[in-house]
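Hi,

Here is the model I promised to pass on.

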Amino acid sequence: MDWQIIVDSIPALLEGMGLTVQLTLISLVAGFFLAIPLGVMRLSSNPIFSAPVLGYVFFFRGTPLLVQIFLIYYGSGQFRPFLQEVGLWEFFREAYFCALLTLILNTAAYTTEIFRGGIQAVPHGEVEAARACGMSGFTLYRRIILPKALRLALPAYSNEVVFLFQSTSLVSIITLMDLTGVARVIVARTFDVYEIYITAGLMYLVVTYGILWVFRTVEFKLSGHLRDRAVDPAEALKLHP
Amino acid sequence: MFDLKGYGWMLWEGLSITLMVGFCSLLLAMVMGLIGAWGKLSRNKAANLTATTYTTVIRGVPELLLLLIIFYGTPTLIQNTAEQMGFEVRLDFNPFIAGILTLGFIYGAFATEVFRGAFLAIPKGQGEAARAMGMSRMLAFRRILMPQMWRFALPGLGNVWMVLIKATALVSVIGLEELMRKSYIAMGAIKLPFTLFFAAAMMYLAITAVSMLGQRYVERWANRGIRRA
């Protein structure tokens, strides 16, 4: 074990972690806002809305993320003349843009499926009550269904966040310098294979369990009204002598 | 539908290797999962700690990084250890074996949770009744718990399989010529990246679709004779 090389490489690795976190956050936010309308469309009884979403979700959940990344990064080259004509080639030439686009589309597909489950789990009585109060359409979704659905989907969503965070490591394959990418470059230069990779692995481990801890805390805060009120036996005796 | 200019056979070859790696890794993952579940449920402190560390670490680190650690790290570790003891060892992993070992090891952690949940789902009375009939712990496990556990484990194992088969694409990074690697090589020859990777994607999608049907069939078979509410 060579400790010096670990200490020396930590700043570079942390910089890589910065890109990893950045990719995760941007894809998460974009994926979240894409997934809400997609989840609602997925449940529409009109196949014009539900069928395309079904196909999209099936494709992105049924193929490896690596294929999706290659499809966009290398595959866009096949349409280069067209992309140049419409002025999009500037974007597709960049590995960063391709990686981000793929991650967004991928996580949006998984999140759509999670939100669909959440929406379906909303008790029917609550929807009926809202309708009886005269709510319908957009108001019903905004006030009643979506807040409840998102809360019900939170445990599954926290898993998706962790999976997304970990799958960003694949962007190192298309030359991006995320945590895994930086680790690979350092290893190629120094041959200190396990020192560097294990340090990088520990960084991933810490952030993963950090994310899980944050979600557990949020879940706990959001479910306050469902828990039994903590009663101190001594206090209870004082109140009812 | 796809004009692959005569390179289609490369993708089919890659597909067969992908499936082979997938099946072998699943078998290994199930063995690791059973051992892990035993460790997590056992009263032995050391076994418990080992199994918990195993699942905690594996699930907290990306598969790609674990693959790199195992593929590049293990030979170096063994060589360095041997060197310190005064031996000269040259070790190179075969990517096929390394891929199976890594994927089996990683998804063994997920299978551990599946099997643990399945064992806990069996009503407690079953094991107690077996013990009361005079069966030893081992015999009760083999005759009573194990056969009933599968029914609860099947949905989870199906999920592990579907994630695992997609993760085989990562093994292309260490040079195993499975579906992704073959598509990449063919891309160098025919310059049709989108067509090639889309064909590869369709093959993965076909595996997923067949697996979903297979899972439904196997679950129905496993649940025969179970009354449903």
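Buried residues make up 35% of the 241 residues in chain A, and 38% of the 229 residues in chain B. Buried here means that 20 or more other C-beta atoms lie within 10 Å of the residue's own; 12 or fewer is exposed, in between is partly exposed, and the C-beta atoms are placed from the backbone.

Before the rest, some housekeeping. This is a predicted model, in which local features need pLDDT of at least 70 and side-chain atom pairs count only at pLDDT 80 or more, while totals for chains, interfaces and linings use all residues. Residues are numbered from 1 along each chain as its sequence is written, and chains are lettered from A, with ligands numbered from 1, in the order in which they are written.

**The two chains**

Chain A has 11 helices and 0 strands. Helices (H or I, at least four residues) and strands (E, at least two) are DSSP runs, numbered from the N terminus. Chain A is more spread out than a compact globule, because its radius of gyration is 23 Å, well over the 18 Å that the globule rule gives for 241 residues. That radius is taken over C-alpha atoms, and the rule is 2.2 Å times the number of residues to the power 0.38. The C-alpha trace of chain A spans about 75 × 55 × 25 Å along its principal axes.

Chain B comes out with 8 helices and 0 strands, and its C-alpha trace spans about 70 × 60 × 25 Å along the principal axes.

Residues 24 or more positions apart account for 78% of them in chain A and 76% in chain B.

**Where the chains meet**

Chain A puts 29 residues into the contact, and chain B puts in 29 residues. On the chain A side, the elements giving two or more residues are α2 (47–62), α3 (65–73), α8 (137–167) and α10 (193–222). α10(A) gives the most, with 10 residues. By class, the chain A side divides into 18 nonpolar, 11 polar and no charged residues. For the classes, Ala, Val, Leu, Ile, Met, Phe, Trp, Tyr, Cys and Pro count as nonpolar, Asp, Glu, Lys and Arg as charged, and the others, Gly among them, as polar.

**A helix pair in chain B**

The axes of α2(B) (residues 45–60) and α4(B) (residues 95–121) come within 9 Å and cross at roughly 120°. Axes are lines fitted to C-alpha atoms, for helices over the stretch in contact, with angles from 0 to 180 degrees between N-to-C directions. The two helices are therefore oblique to each other; under 35 degrees would be roughly parallel, over 145 roughly antiparallel, 65 to 115 roughly perpendicular, and the rest is oblique. From α2(B), Ala51(B), Tyr54(B), Thr55(B), Ile58(B) and Arg59(B) meet Ile106(B), Ala109(B), Thr112(B) and Glu113(B) of α4(B). That contact has 5 nonpolar, 2 polar and 2 charged residues.

Most residues other than glycine have a negative phi. Phe191(A) is not a glycine, yet has a positive phi of about 65°. Phe191(A) lies in the loop between α9 (179–190) and α10 of chain A and is exposed, with 12 other C-beta atoms within 10 Å.

Lys191(B), also not a glycine, has a positive phi of about 55°. Lys191(B) is in the loop between α7 (179–190) and α8 (193–222) of chain B, and counts as exposed with 12 C-beta neighbours inside 10 Å.

Cheers

Technical notes:
Contact = placed C-beta atoms within 7 Å.
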